[in-house]
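Let's walk through this fold together, starting with a pair of helices and moving on to the cores and a few individual residues. Here is the model to look at as you read.

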Amino acid sequence: MRNRLALASLLLLAACAGRQDRPVTAPPAATPATPAPLPTTPKPEPLPVTRAAQASLAALPLPPVGPLPGAAAALAAFRKSCPGLLRREDLSGLTQPGDWQAACTAAASAAPGQEYAFFHSQFVGVAVAEGKGFATGYYEPEIAASLTQQPGYQVPLYRRPADLIDVPLGDFAPSLKGRTVRGRVEGNRLVPYASRAQIAAGALVGRGLELAWAADAYEAFFLEIQGSGRLRLPDGRIIRIGYDGQNGRDYVAIGRLLIEQGKLEKGKAGMAEILAWLRAHPDEAPAILNANPSKIFFRELKGEGPVGAMGVAVTPRVSVAADPAYIPLGAPLLVETTLSRSGQPLVQLMVAQDTGGAIKGANRLDLFLGPGAEAAADAGAQSAPATLALLIPRAAAQRLKLIQDAPPQRP
């Protein structure tokens with residue numbers, strides 16, 4: 001019953017906006033004249049900022065068993081996001097740093113038990129691209145590794161090379177805002193950085209970039225996919241490492257490749273099945289791994305973690321990775337999906353605090369499911385449709401003409 005009511009809440013959220021045959025794009029803020037885009041680069045399509053399901057959270061019907069599932073944990077995660085929200089440029093174009101000031105001020109003083117009032121008074125629910133999306137999962141792996149190369153530890157985990165250059169293309173043409181290329185300088189040209197296959201063949205050898213040496217090549221590969229993790233050293237110590245850059249090459253999902261080649265069946269190509277196939281086919285495995293040219297570089301992390309794209313620690317089953325071209329990083333989301341491994345429905349407030357190379361699209365989510373074997377199994381199996389409402393500050397909603405009313409009274 002609770003899940004039906006929660007789903008009804010999201011559907012009623014859409015109904016509150018009135019029927020529209022087509023999404024209505026919010027008018028952009030006025031900008032100064034800009035130079036023409038680079039001649040060799042096509043102009044990107046406009047982002048689908050829609051008003052198909054807008055409503056004040058004050059008008060959102062809630063399940064009678066309790067308000068906004070996960071509100072307390074989401075508020076705690078949102079507080080962590082506030083410093084970034086108040087200074088970061090929102091690539092989606094939906095919000096401006098100043099829009100978040102009222103919500104962040106209110107979050108700092110909200111006492112336990114006031115989470116319901118906080119979210120209702122500070123935010124407006126909107127749907128981007130009708131709110132329909134897809135949810136996978138990620139986790140914090142723990143693998144055996146050594147800080148020195150020795151028998152049993154032969155797979156290097158690399159630090160970021162000093163010659164890896166990030167180029168934000170928006171610095172050169174506003175039409176390319178949000179797009180970045182990476183490479184290295186060769187003469188007077190920026191050229192692509194070494195691919196995974198080239199690095200495996202020795203492109204970085206002799207440069208002192210080895211942060212640690214993993215015991216298992218396949219576990220090291222999936223550590224890269226997750227973007228961060230824990231290293232279990234031979235003396236029993238645990239250190240945490242996190243993302244510190246990528247070589248600029250496009251990510252290729254090897255699970256999809258194994259399906260296309262007939263090596264795995266569709267629907268049976270989760271992380272466990274991929275690992276099993278790699279271990280059973282050691283002669284073919286290197287070519288499969290190298291078919292993903294993307295390579296991740298790491299740094300050691302101190303303190304709380306793992307750290308997401310906002311520079312703050314992500315929270316299990318609260319933080320999600322999203323595409324910042326559509327979802328403002330740091331924004332709360334009301335998410336409804338299914339936990340694939342258990343079949344249990346999930347309806348909860350979450351916070352977008354991370355990104356991922358494969359997480360592209362308006363409502364494409366990657367749920368952070370925590371550390372450990374259980375989280376690994378859950379993340380490896382996670383693959384389910386999702387419905388979500390993006391919560392934006394009332395100031396942003398008014399500026400975008402999504403609402404006209406004054407802030408509601410606190411419930």
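## Helix 6 against helix 8

Helix 6 and helix 8 (residues 271-280) pack at about 145°, and their axes lie 10 Å apart. Axes here are lines fitted to C-alpha atoms, for helices over the stretch in contact, with angles running from 0 to 180 degrees between N-to-C directions. Helices (H or I, at least four residues) and strands (E, at least two) are DSSP runs numbered from the N terminus. The crossing of helix 6 with helix 8 is right-handed; that term applies if the near helix is turned clockwise from the far one by less than a right angle, and left-handed if anticlockwise.

On the helix 6 side the contact (heavy atoms within 4.5 Å) uses Tyr218, Glu219 and Phe222, while helix 8 brings Met271, Ile274, Leu275, Leu278 and Arg279. By class, these residues are 6 nonpolar, no polar and 2 charged. Ala, Val, Leu, Ile, Met, Phe, Trp, Tyr, Cys and Pro count as nonpolar, Asp, Glu, Lys and Arg as charged, and the others, Gly among them, as polar.

A word on the source: this is a predicted model, in which local features need pLDDT of at least 70 and side-chain atom pairs count only at pLDDT 80 or more, whereas totals for chains, interfaces and linings use all residues. Residues are numbered from 1 along each chain as its sequence is written, and side-chain values use heavy atoms, with hydrogens and water left out.

## Helix 6 and its ends

Why is helix 6 (residues 217-226) largely enclosed by the rest of the structure? Because 7 of its 10 residues are buried, meaning under 20% relative accessible area, with exposed over 50% and partly exposed in between (1.4 Å probe, protein chains only). The buried residues are Tyr218, Ala220, Phe221, Phe222, Leu223, Glu224 and Gln226.

At the start of helix 6, a side-chain oxygen of Asp216 comes within 2.8 Å of the backbone nitrogen of Tyr218. Just after the helix, Gly227 has a positive phi of about 90°.

## Helix 2 against helix 4

Helix 2 (residues 71-85) packs on helix 4 (residues 115-122) at about 65°, with the axes 9 Å apart, and this crossing is left-handed. Ala71, Ala72, Ala74, Leu75 and Phe78 of helix 2 meet Glu115, Phe118 and Phe119 of helix 4.

## Two cores

A nonpolar core is a set of buried Ala, Val, Leu, Ile, Met, Phe, Trp, Tyr and Cys residues joined through side-chain atoms within 4.5 Å. The largest has 73 residues, and Phe78, Phe119, Leu278, Leu333, Leu365 and Leu390 have the most contacts inside it. Helix 2 gives the largest share, 7 residues. Apart from it lies another core of 14 residues, including Leu223 and Ile296.

## Two buried strand residues

Leu349 sits in strand 15 (residues 344-354) and is buried at 0% relative accessibility. Beyond neighbours within four places in sequence, Leu349 contacts residues including Ala71, Ala74, Phe119 and Leu333.

Ser319, in strand 13 (residues 319-321), is buried with a relative accessible area of 1%. Its side chain makes a polar contact of 2.5 Å with that of Gln353. A polar contact is a pair of N or O atoms within 3.5 Å; within protein, one must be able to donate a hydrogen and the other to accept it, and residues adjacent in sequence count only if both atoms are side-chain atoms.
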